[in-house]
Amino acid sequence: MGRKIRVLIAKPGLDGHDRGAKVVARALRDAGMEVIYTGLHQTPEQIVEAAIQEDVVVIGLSALSGAHLELFPQVVDLLEENNAEDIIVLGGGIIPDDDAEKLREEGLAKIFGPGTPTQEIVEYIRENVELESGE
Amino acid sequence: MEIVSELLSGDRRALARLISMVENLEPGAKKALSELYSYTGNAHVIGITGPPGSGKSTVVDKLTLELLDEGKSVGIIAVDPTSPFTGGALLGDRVRMNEVSLDEDVFIRSMGTRGHLGGLATKTRDVIKILDAFGKDFILVETVGAGQSEVEVVKAAHTTIIVEVPGLGDDIQAIKAGILEIGDIFIVNKADRDGADNTARELDTMLGMNQEEKDWEPPILKTVAKEGKNIDELNDAISSHLSHLKETGGFEELKKKQIRDEFLDIVREKIYSYTMERTAEGKIDEIVENVMNSEIDPYSAAEDFLEPLEEDRKD
């Protein structure tokens, strides 16, 4: 049995719209990954702690409240503080192009906007996780 | 090994990594477990099982709060099913554990069953040992939503809690062999709903019908886990059960049985992998074809297949 890809799907912030997050979680599950879903209203601290305990290789963040510019980079910073900067952080939600650019500068690996086919996310994770582990 | 000493010094990342290594059968995992073994045996392992939606995760969450209040540290293993078709899993028990997820004395790990039946994941027993060696006082193991025969949790736990809810099936369900026989403590959760008294009474009757002489009478508690109601009673019952085990020698007996079970499981697994390692590629497909074409029956095929092992033995 090979190394199974484990992904944390989390919703930071106060909005209660988790449909998108659940669709992505399900698509990753159907692609054979183990998806840890943490539910709504997570703080960046909770997300990073869960990612460490669950030993995931990817964190997928979803926010529809407009707080992404603040919350997503906090996750990246906290990962660094915990020596866990090897975990890939992806973002999703309603994120304007300018913001997406800023978030990439802040250390997010990629932003997937509304309407992204889930297969694209699956493939992105597969390719980049393999690169990371040097397989 | 480095990862073992890191873990023993309290490094959470080393702990999380080692669990993955064990789950993925990575090289070094077995050696690490051997090295850790002498540090295990201090935690009180509690299994929590019951049907899907009965509130197991919420019970775990609230029970953890109680234990933290007493200054204890807690490891939580939450098992959810792996898809038999894709190998993927959605592990969602953390959703109900937000109250404790940031406490530094708590470590939560979600596990997919990865093809294992019986209510636990393939490597749950090993993960229990890892958390035990890490120094957790209590380890709570939440099984997959269990029906009737998911009783494997007793192979791993010192105290097994069965979570029932009002209004599921009639009393004949409870007489069937299986889950009712393994409970040390029963709780009727969501007891603010209609029928809770009936469910508790039915459980009581069924347990009372057990003729076997038992020195521990499993208590039946009514809880509303979401509101934390009666979780303190549950905690008391857990302590009583542990004291009972220790006083009556039941603890030693249980431990002996668990070690035997585990040893035999390891041997079984070893024999299987030993055989498979010595099997030429395509051999299994060939046998399947032959059975498909009625050239041989599966029983004789297995005999033939294992013949070389016999030869090895004679050498």
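Modeller: What follows concerns a predicted model, taken topic by topic.

Colleague: How many residues does each chain bring to the contact?
Modeller: Chain A contributes 31 residues and chain B contributes 29 residues. The area buried between chain A and chain B is about 2,600 Å², and carbon and sulfur atoms give 45% of that area.

Colleague: How many salt bridges and polar contacts are found across the interface of chain A and chain B?
Modeller: There are eight salt bridges across the interface, along with 21 residue pairs in polar contact. On chain A, the elements that give two or more residues to the side touching chain B are helix 1 (19–30), strand 2 (34–37) and helix 2 (44–53). Helix 2 of chain A gives the most, with six residues. By class, that side of chain A has 10 nonpolar, 10 polar and 11 charged residues.

Colleague: Is A:Glu54 buried or exposed, and which residue does A:Glu54 meet in a salt bridge?
Modeller: The side chain of A:Glu54 meets that of B:Arg94 in a salt bridge, at 2.7 Å from N to O. A:Glu54 lies in the loop between helix 2 and strand 3 (58–63) of chain A, and B:Arg94 in the loop between strand 3 and strand 4 (106–112) of chain B, so the pair joins two chains. A:Glu54 has 0% relative accessibility and therefore counts as buried; B:Arg94, at 4%, also counts as buried.

Colleague: And what about A:Asp86?
Modeller: A:Asp86 forms a salt bridge with B:Arg17, with the closest N and O atoms 3.2 Å apart. This pair also crosses between chains, and B:Arg17 lies in helix 2 (residues 12–23) of chain B. A:Asp86 is partly exposed, at 36% relative accessible area, and B:Arg17 is partly exposed at 34%.

Colleague: Turning to strands, which strand of chain B pairs with strand 2 of chain A?
Modeller: Strand 3 (residues 89–91) of chain B does, in the parallel sense and over three bridges. Within that pairing, A:Ile36 has B:Leu91 as its bridge partner. Strand 2 of chain A also pairs with strand 1 of chain A, again in the parallel sense, over four bridges. There, A:Leu8 stands opposite A:Ile36.

Colleague: Why is strand 1 of chain A described as largely enclosed?
Modeller: Five of the five residues of strand 1 (residues 6–10) of chain A are buried, so the rest of the structure largely encloses that strand. Both faces are covered, with A:Arg6, A:Leu8 and A:Ala10 on one side and A:Val7 and A:Ile9 on the other.

Methods: Residues numbered from 1 in each chain as written. Chains lettered and ligands numbered in written order. Predicted model: local features only at pLDDT ≥ 70, side-chain atom pairs only at ≥ 80, totals over all residues. Heavy atoms only, no water. Contact = heavy atoms within 4.5 Å. Buried area = accessible area lost by both parts, 1.4 Å probe. Salt bridge = Lys/Arg side-chain N within 4 Å of Asp/Glu carboxyl O. Polar contact = N/O pair within 3.5 Å; in protein donor to acceptor, adjacent residues only side chain to side chain. Nonpolar A, V, L, I, M, F, W, Y, C, P; charged D, E, K, R; others polar. Pairing = 2+ DSSP bridges. Buried < 20%, exposed > 50% of the residue type's maximum accessible area, 1.4 Å probe, protein only.
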